[in-house]
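Colleague: Can you walk me through this one? I would like to start with a helix and then go on to the salt bridges and the core.

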Amino acid sequence: MEPGEPREPREPGPGAETAAAPRWKEAKSFYDNLTPKKKPKSPKPQNAVTIAVSSRALFRMDEEQRIYTEQGVEEYVRYQLEHENEPFNPGPAFPFVKALEAVNRRLRELYPDSEDLFDIVLMTNNHAQVGVRLINSINHYDLFIERFCMTGGNSPICYLKAYHTNLYLSADAEKVQEAIDEGIAAATIFSPSKDMAVSQSQLRVAFDGDAVLFSDESERIVKAHGLDRFFEHEKAHENKPLAQGPLKGFLEALGRLQKKFYSKGLRLECPIRTYLVTARSAASSGARALKTLRSWGLETDEALFLAGAPKGPLLEKIRPHIFFDDQMFHVAGAQEMGTVAAHVPYGVAQTPRRPAPTKQAPSAQ
């Protein structure tokens with residue numbers, strides 16, 4: 001025994017006073033509480049649905065970003081070290097991550113030996129010393145995030161494929177564009193303008209169609225020739241599937257996990273629900289979208305064709321944990337109504353590439 005190490009309480013012997021028994025049980029309970037709680041084993045990356053989340057997507061780090069911008073990296077690191085025992089407040093991706101973990105709990109109950117689960121990886125270009133505060137925050141909220149990638153100022157994008165990433169969420173639009181250019185499903189996540197309660201037991205994910213699940217083929221027709229030509233094009237090509245968009249693979253991964261619940265007779269109680277929320281009109285261009293999903297062997301639980309109407313009010317009724325769209329107009333509309341929205345920078349609707357980014361903190365991604 002090392003000097004100063006507490007002694008393990010001994011169970012009273014047969015001759016001990018009866019009054020000692022409660023004291024022994026109380027001491028044993030104290031030591032039991034010091035033992036770390038056993039967490040489930042992380043799945044192998046190649047077997048899991050891997051969600052990579054940046055530190056500023058998972059937590060709110062506005063003050064830290066301000067210090068970095070105004071006072072520089074050394075002051076930024078000093079501030080983080082001085083506050084490393086203070087947990088960050090939840091960021092826009094926090095409810096989404098909690099919902100992923102709720103699905104994992106259900107999957108482990110039904111399939112104790114399966115590794116077909118969500119696996120969450122924290123991606124940050126923070127220095128490893130700053131990472132202590134991130135670890136403390138994750139433990140504070142009892143999040144199950146075992147895989148970290150802290151790159152000390154370098155871009156973490158090159159590691160996404162090594163982690164078998166199915167989806168990358170970040171607050172840094174430049175990093176997201178890099179990921180999209182590498183063929184990785186990615187989106188820039190934004191905090192809503194107001195708080196909105198979301199389900200604690202069912203993961204809800206809403207997708208736009210064109211340039212998100214599908215390619216931007218149809219949007220190019222609209223942009224070049226107008227709506228009338230678009231309707232003609234969609235009617236003529238109704239039975240020709242659209243090419244896949246950047247988030248098709250993520251929808252496919254969600255569908256794979258949904259089927260694990262369906263096979264247990266839990267279709268109506270499935271803790272994953274997906275939505276297609278599109279500006280397309282059902283009568284004139286909806287059939288091609290649905291037939292494309294069918295040709296891929298995929299489906300969404302609900303398909304909502306808005307014929308150009310705003311998406312925000314409908315999303316307020318759905319209350320998804322996240323909504324993906326390629327147009328900032330719809331992202332902003334969702335934010336205003338309290339939805340966590342994520343911009344997918346893909347397709348003809350994007351603005352020209354911005355010039356080199358301004359100075360960013362290591363946490364700002």
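Colleague: Which residues of helix H6 are buried?

Modeller: This is a predicted model, and in it the buried residues of H6, which spans residues 131–140, are Gly-131, Arg-133, Leu-134, Ser-137 and Ile-138.

Colleague: Where do they sit around the axis of H6?

Modeller: On the same side of H6, because they cover an arc of only 155° around the axis. In an α-helix there are 3.6 residues a turn, so residues three or four places apart point the same way.

Colleague: And what covers the buried residues of H6?

Modeller: The cover includes helix H2 (55–58), helix H3 (62–71) and helix H4 (73–82), together with strand S2 (59–60), S4 and S5.

Colleague: What follows H6?

Modeller: Asp-142 follows H6, and its phi is positive, near 55°.

Colleague: Salt bridges next. How many are there?

Modeller: The count comes to 24 salt bridges. One of them joins the side chains of Asp-119 and Arg-147, at 2.6 Å from N to O.

Colleague: Which parts does that pair tie together?

Modeller: Asp-119 is in strand S4 (residues 118–124) and Arg-147 is in strand S5 (residues 147–150), so the bridge ties together parts 28 residues apart in sequence.

Colleague: Is Asp-119 buried or exposed?

Modeller: Asp-119 counts as buried, because its relative accessibility is 4% and the cut-off for buried is under 20%.

Colleague: What does Asp-210 form a salt bridge with?

Modeller: With Arg-280, and their closest N and O atoms are 2.8 Å apart. This pair links distant parts of the chain, 70 residues apart: Asp-210 is in the loop between strand S8 (203–207) and helix H8 (217–225), while Arg-280 is in the loop between strand S9 (272–278) and helix H11 (282–295). Asp-210 is buried, with a relative accessible area of 7%, and Arg-280 is buried too, at 4% relative accessibility.

Colleague: Which residues are linked with those two in a network of salt bridges?

Modeller: Glu-217, Glu-234 and Arg-288 are in that network along with Asp-210 and Arg-280.

Colleague: Now the core. How many residues has the largest nonpolar one?

Modeller: It has 76 residues, and Phe-96 is among those with the most contacts inside it, as are Phe-59 and Leu-203. In soluble globular proteins, nonpolar side chains tend to be buried together.

Colleague: What is Phe-96 in contact with, leaving aside its neighbours within four places in sequence?

Modeller: Its contacts include Ile-51, Leu-167, Leu-203, Phe-250 and His-321. There is also a second, separate core of 11 residues, with Ala-206, Tyr-275, Ile-318 and Val-331 among them.

Terms used. Residues numbered from 1 in each chain as written. Predicted model: local features only at pLDDT ≥ 70, side-chain atom pairs only at ≥ 80, totals over all residues. Heavy atoms only, no water. Salt bridge = Lys/Arg side-chain N within 4 Å of Asp/Glu carboxyl O. Helix = DSSP H or I, 4+ residues; strand = E, 2+ residues; numbered from the N terminus. Buried < 20%, exposed > 50% of the residue type's maximum accessible area, 1.4 Å probe, protein only. Core = buried A, V, L, I, M, F, W, Y, C linked by side-chain atoms within 4.5 Å. Contact = heavy atoms within 4.5 Å. Arc of directions from axis to C-beta.
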